[in-house]
Amino acid sequence: MARPHVEFVQSQSVEWQDAGDGTAVKRLNIDPDNGDGTVLRRYPAGSGRAPQPRAGLSLEFYVLDGEIAIDGRVLGAHAYGYRPAGTPALTWQTSAGALVLEIGEARPVPAGQDDPAILLDCLALPWDVSTYDPQLRHMHNARKVLRLGPGDSGRTFLLAGLPHGFPSTPDLPLERHPHGEEMFLIQGEMKSPQGVMRDGAYFYRPPGIWHGLHVSEFGFLMLMRSPGANKISTQWSEARHPVQYRPAFDPVLPEGAPAAWGRPHAARPTY
Ligand SMILES: [Fe+2]
């Protein structure tokens, strides 16, 4: 088994569980064989517990809320870190509590290549707007690469898109990749054939699955990963499909997913 396809779940629909170490977790996507995968973790005020991957595993984290002194450096929302397997635990102290997205996963690194630890304040990084895929130009994307692993151990990046991200054509091709894709929607909105993703939406898509098309009315900021590939390679379908401006909620969920995952999440009133 491997990590299952989920596309998508609103993390608001996922139950908090006691992790047994003073923190609480929402398990968003887990490999049933070894328990590795992606969780939201809530650190209570005063917690000094550092993220701890299983032995032999590396870990990425992205701070969504709160403030944490990490190795003595005080960081808040939009801090990103990567800890390769075998690195000593960070010192980690949060006085007021924090909400953190954590991804524990094997990331194969070719022998002899460096796989450095990373700690970034993403707010301070510049946006890169030079890499628009012509088929995605309608979303006016910008990117911040956070980690580009050695070999094909994966790329992690922030992706942002402008509001009014609709194509000038009424239809678009679908896409698929020889690698997986994982996404957490930090803020914003994106429409897909599975419904309207909003703040807190999450998907994990294994390799080889046709997907899209995606458009955005209000813009978005998302954390994305391409497990197993450093460069995203995309095959576009010959057939074109109509843009859906009001897609109904119709998610792909793992077998045995709680019923709440399949119930539409009400958007917060905005005005
Ligand atoms: Fe994709």
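Mentor: Before we begin, helices (labelled H or I, at least four residues) and strands (labelled E, at least two) are DSSP runs that are numbered from the N terminus. This is a predicted model, in which local features need pLDDT of at least 70 and side-chain atom pairs count only at pLDDT 80 or more, while totals for chains, interfaces and linings use all residues. Residues are numbered from 1 along each chain as its sequence is written, and side-chain values use heavy atoms, with hydrogens and water left out.

Trainee: Into which domains is the chain divided?

Mentor: Domain bounds come from an automatic or database domain assignment, and here that assignment gives domain 1 (8-124) and domain 2 (134-252). Taken over C-alpha atoms, the centres of domain 1 and domain 2 are separated by 23 Å. Contact means heavy atoms within 4.5 Å, and the contact between the two takes 29 residues from domain 1 and 30 residues from domain 2.

Trainee: How many residues does the largest nonpolar core have?

Mentor: The general idea is that, in soluble globular proteins, nonpolar side chains tend to be buried together. Buried means under 20% relative accessible area, exposed means over 50%, and partly exposed lies in between (1.4 Å probe, protein chains only). A nonpolar core is then a set of buried Ala, Val, Leu, Ile, Met, Phe, Trp, Tyr and Cys residues joined through side-chain atoms within 4.5 Å. In this structure the largest such core has 24 residues, and Tyr-62 and Leu-101 are those with the most contacts inside it. At least three residues of this core come from each of domain 1 (8-124) and domain 2 (134-252). If you leave out residues up to four places away in sequence, Leu-101 touches a list of residues including Leu-28, Leu-40, Tyr-62, Phe-184 and Leu-223.

Trainee: How many salt bridges does the count come to?

Mentor: A salt bridge is a side-chain nitrogen of Lys or Arg within 4 Å of a carboxyl oxygen of Asp or Glu, and by this rule the count is 17. One of them joins Asp-21 and Arg-49, with the closest N and O atoms 2.4 Å apart. Asp-21 lies in the loop between strand E2 (17-18) and strand E3 (24-30), and Arg-49 in the loop between strand E4 (37-43) and strand E5 (58-70), so the pair ties together parts that are 28 residues apart in sequence. Asp-21 counts as partly exposed at 33% relative accessibility, whereas Arg-49 is buried at 13%.

Trainee: How far apart are the closest N and O atoms in the salt bridge of Glu-60 and Arg-225?

Mentor: In that pair they are 2.8 Å apart. Glu-60 belongs to strand E5 and Arg-225 to strand E17 (residues 220-226), so that distant parts of the chain, 165 residues apart, are linked. Both partners are buried, Glu-60 with a relative accessible area of 1% and Arg-225 with one of 4%. Another salt bridge brings together the side chains of Arg-240 and Asp-171 at 2.9 Å, N to O.

Trainee: Which residues coordinate the iron ion?

Mentor: To read a metal site, look for donors, which are N, O and S atoms within 2.8 Å of the metal (3.2 Å for Na, K and Ca); water is not among the atoms, so sites may look incomplete. Here the iron ion is coordinated by Glu-175 (OE), His-177 (NE2), Glu-181 (OE) and His-211 (NE2), at 2.2 to 2.3 Å. Glu-181 lies in strand E14 (residues 181-192) and His-211 in the loop between strand E16 (201-205) and E17, so this pair ties together parts that are 30 residues apart in sequence. Glu-181 is buried at 6% relative accessibility, and His-211 is buried at 4%.

Trainee: What do the angles among the donor atoms say about the site?

Mentor: Four donors count as tetrahedral if all angles lie between 85 and 135 degrees; four count as square planar and six as octahedral if opposite donors are over 155 degrees apart and all others between 65 and 115; anything else is irregular. With angles of 84 to 171 degrees among its 4 donor atoms, the iron site is irregular.

Trainee: Which residue other than glycine has a positive phi near 75 degrees?

Mentor: In general, most residues other than glycine have a negative phi, and most peptide bonds are trans. The residue you ask about is His-78, placed in the loop between E6 and strand E7 (79-83). Asp-71 also has a positive phi, about 50 degrees, although it is not a glycine.
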